[in-house]
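Open the model in a viewer and keep the selection panel at hand. The stops below go through the nonpolar cores, the confidence values and the aromatic pairs.

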Amino acid sequence: MHLHYQFRASYTLNSATGEYHTNSQSPTGIPSDPPLASYGVQQSHELVEALTRLDPGIDHVYSSPFYRCLQTVQPAIERLGSGVKVRVDNGIGEWYGAAHFDHPSPAPPAVLSSLFPSCIDEAYEPSIIPPRSGETIEQLHDRVAQALDHIIARADAESSSRDVSILLCTHAATLIAISRTLTGDMPSDSNEDDFLAPTAGLTKFIRKQISTEGQEKGPPLEWKGGKGIAGGWTCVLNGNCDHLAGGAERSW
């Protein structure tokens, strides 16, 4: 099994009041849910060329419920054809730090389906819904681990014995947490620059083993110490941007 990731746009937060502001109007009406800038749209089309060259080809697509992620992955869905739809999963959604106020929730599936017609798998149920009050770094990693365990288990059940390729479109902090939980490599300092997260970059993981017999199920999942989620994974591409005319940018 192969996992591929990409993504990201801008908004500001008044931490005293919990109010979000964006420099562009959000199609969902949520200030913390801005669309891509025109440059980001260009990058999303450049990314498609890299995605169509992946071997094996993409079987399943999952995305954060935020507009900019769905906007990033939309050109790929259109190229892949009607057989592939986006499974929107809050478990790989944006990370908001723990706060004394509630952060905005992303748009509901019905709204997203109206904004991205024929792209969304409306029957899919998200693996987990993050708390509106935000999360600590540790809670982010635990949430991502639970989401990945759900996504991978579903792919195992759907694919029988054949090799499967899954595409996830997410955000910078979430991508870094995903990379750590898959490989099981958690640095002692969570701020360490171990995995890259450039805009519209491509990170690829290959599964070490299919069998998960003996691994614990249910949160919190044990993945640290090189163990990784669902058999462990090897990172073979880390924030690659060879497909982008402008190269790697905003690697966080």
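Start with the largest nonpolar core of this predicted model. It has 26 residues, and Leu 148, Ile 152, Ile 166, Leu 168 and Ile 229 touch the most other members. Next select helix H4 (137–159), strand E6 (165–169) and helix H5 (172–183), each of which supplies at least two residues of this core. H4 gives the most, with eight residues. Another core lies apart from this one; it has 25 residues, including Ile 30, Leu 47, Ala 76 and Ile 77.

Now colour by pLDDT. The mean for the protein chain is 89, and 90% of its residues reach 70 or more. Confidence is lowest in strand E1 (residues 2–6), where the mean is 60, and highest in strand E5 (residues 86–88), at 97.

Then turn to the aromatic rings, where the structure holds four pairs. Select Phe 66 and Tyr 96: this pair is edge-to-face, with 6.2 Å centre to centre and 75° between the planes. Phe 66 sits in the loop between strand E4 (60–63) and helix H2 (67–80), while Tyr 96 is in the loop between E5 and helix H3 (109–115); the two are 30 residues apart. Phe 66 is buried, at a relative accessible area of 3%, and Tyr 96 also counts as buried, at 10%.

Last, select Phe 195 and Phe 205. Their ring centres are 6.4 Å apart and their planes are at 50°, so the pair is tilted. Phe 195 lies in the loop between H5 and strand E7 (202–207) and Phe 205 in E7, so the pair ties together parts 10 residues apart in sequence. Both Phe 195 and Phe 205 are buried.

Terms used:
Residues are numbered from 1 along each chain as its sequence is written. This is a predicted model: local features need pLDDT of at least 70, side-chain atom pairs count only at pLDDT 80 or more; totals for chains, interfaces and linings use all residues. Side-chain values use heavy atoms; hydrogens and water are left out. A nonpolar core is a set of buried Ala, Val, Leu, Ile, Met, Phe, Trp, Tyr and Cys residues joined through side-chain atoms within 4.5 Å. Buried means under 20% relative accessible area, exposed over 50%, partly exposed in between (1.4 Å probe, protein chains only). Helices (H or I, at least four residues) and strands (E, at least two) are DSSP runs, numbered from the N terminus. pLDDT is the predictor's confidence in each residue, from 0 to 100. Rings of Phe, Tyr and Trp (its six-membered ring) pair if their centres lie within 6.5 Å; planes under 30 degrees apart count as stacked, over 60 as edge-to-face and the rest as tilted.
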